[in-house]
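My notebook is open and the viewer is loaded.

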Amino acid sequence: MKFPFEVSFEEIQADLDVYIDAIFSCLTSEFLVMPKGKGFVEFAVFEEGYECLKRATGGFCEVTPETLVSAVYDTPIALVVLRCMIGFTPPEWAYYASRQTGISVTQNAARAVDRNIRMDPQAPLPKPGTVQGRRIGALISAACHALASGVPRQAADTLHRLDKADTKAGLVSVRASANLGIPYSVLLYERLLGRPFAGHRDSISELIGNVVENAIEAVLTEAGISFRRTGRAERLAGFDQAPDFVVPNEFNPKVVIEAKLTEDDGTARDKVTRVQHLGSLSMDGQPPGKPRFQVVACIAGRGFGVRREDMRKLLLATRGKVFTLNKVPDLVDQTLLRDFRTVSPTR
DNA sequence: CTTTATCCACGCTGAGGCCG
DNA sequence: CGGCCTCAGCGTGGATAAAG
């Protein structure tokens with residue numbers, strides 16, 4: 001099978017559907033495998049925090065700020081376990097703690113505390129006397145209050161955040177959950193309310209996005225090609241929206257590369273629009289068929305495989321230079337990038 | 001120098017508008 | 001009416017600026 005980047009633009013236009021199928025055929029979805037990322041908490045570490053919490057409170061019988069603080073300072077990850085018990089995000093916990101204790105805990109402070117512990121569970125926490133230490137104390141006191149209070153009466157069409165199997169009846173339900181376990185159906189119901197791995201997926205969303213960009217960078221580096229990789233929120237002169245790569249540099253763009261991985265067709269549509277925009281930018285004030293620079297798209301994920309119309313647009317905007325992740329190795333030889341190669345192929 | 005705050009981009013969701 | 005599309009919102013991490 002011929003791929004669109006191997007043939008002339010005329011051939012693509014004459015047989016567009018064939019080339020759409022060619023791209024579709026090698027678009028694979030990688031959603032089954034996720035990177036762990038730097039702040040990943042292994043179960044063994046998490047469990048250690050849980051057991052420490054359970055021990056310090058005598059099996060959740062004595063849940064007081066004092067017993068919780070001693071557990072958290074002994075095994076910092078216990079703070080993350082505590083957060084899972086109440087089921088708040090760090091910013092939510094910060095707000096709740098500020099209201100509850102009168103001690104100012106900013107969203108960023110709570111996020112930093114939580115993340116620092118996850119990044120290095122062995123690192124000692126800021127001492128209780130320090131500003132950070134007082135904030136940790138406030139968070140713990142607030143959690144203590146939340147765990148003890150249970151769910152107040154609610155209107156039928158509302159759902160209280162503490163209305164979870166382990167916290168709906170205060171410490172009684174906490175102890176029951178710890179001692180008897182929680183039924184499978186309850187686990188499944190919690191999954192329904194919070195999709196599996198949601199927190200982790202959020203935390204690694206940027207790593208996912210970088211998969212394609214890293215692959216491109218590796219290929220460019222190996223060929224010894226000068227390139228400019230743009231960072232987030234970076235502005236490039238001459239572009240109202242910065243593409244991911246410019247070769248050789250933004251002052252004299254000859255090849256621009258837009259890279260995107262998406263498992264979601266909504267996101268894919270947005271990116272197609274971006275590439276189309278780059279395509280029209282390359283034609284500004286140029287004679288027909290003679291773009292100022294070559295626009296290349298590198299895509300991955302099943303999001304791009306949803307609608308043929310989007311792929312058609314993408315092929316036209318790039319004049320056929322659409323590469324899926326597994327075709328990135330062909331990137332240099334099948335585009336104008338070959339003119340910038342300074343290291344010959346090692347084959 | 002370190003810590004904190006601000007801003008941005010990521011993927012995903014859901015609401016609402018438009019079109020045939 | 002369903003399909004398509006745009007938009008705004010979420011929580012996250014990282015870059016950068018500001019404050020200590």
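I started with helix α6 (residues 90–101) and helix α7 (residues 107–119), whose axes come within 8 Å and cross at roughly 125 degrees. Helices here are DSSP runs of H or I with at least four residues, and strands are E runs of at least two, numbered from the N terminus. Angles under 35 degrees count as roughly parallel, over 145 as roughly antiparallel, 65 to 115 as roughly perpendicular and the rest as oblique. I therefore wrote down α6 and α7 as oblique to each other.

Bookkeeping: this is a predicted model, where local features need pLDDT of at least 70 and side-chain atom pairs count only at pLDDT 80 or more, while totals for chains, interfaces and linings use all residues. Residues are numbered from 1 along each chain as its sequence is written.

Which residues in α6 and α7 meet? I found P90, P91 and A94 in α6 against Q107, A110, R111 and D114 in α7, contact being heavy atoms within 4.5 Å. By class, that contact has four nonpolar, one polar and two charged residues.

Next, cavities, meaning sets of points on a 1 Å grid over the protein atoms alone where a 1.4 Å probe fits but cannot get out. My search of the whole structure gave one cavity of 30 Å³ or more. The largest cavity has a volume of about 40 Å³, a volume being the space filled by probe spheres set on the points. Its lining residues (an atom within 4 Å of a point) include E258, K271 and F304. I noted that β3 gives the most to this lining, with three residues.

Key:
Chains lettered and ligands numbered in written order. Heavy atoms only, no water. Axes fitted to C-alpha atoms, helices over the stretch in contact; angles between N-to-C directions. Nonpolar A, V, L, I, M, F, W, Y, C, P; charged D, E, K, R; others polar. 1 Å grid on protein atoms, 1.4 Å probe; cavity = no way out; pocket = protein on both sides within 12 Å on 5 of 7 lines; lining within 4 Å.
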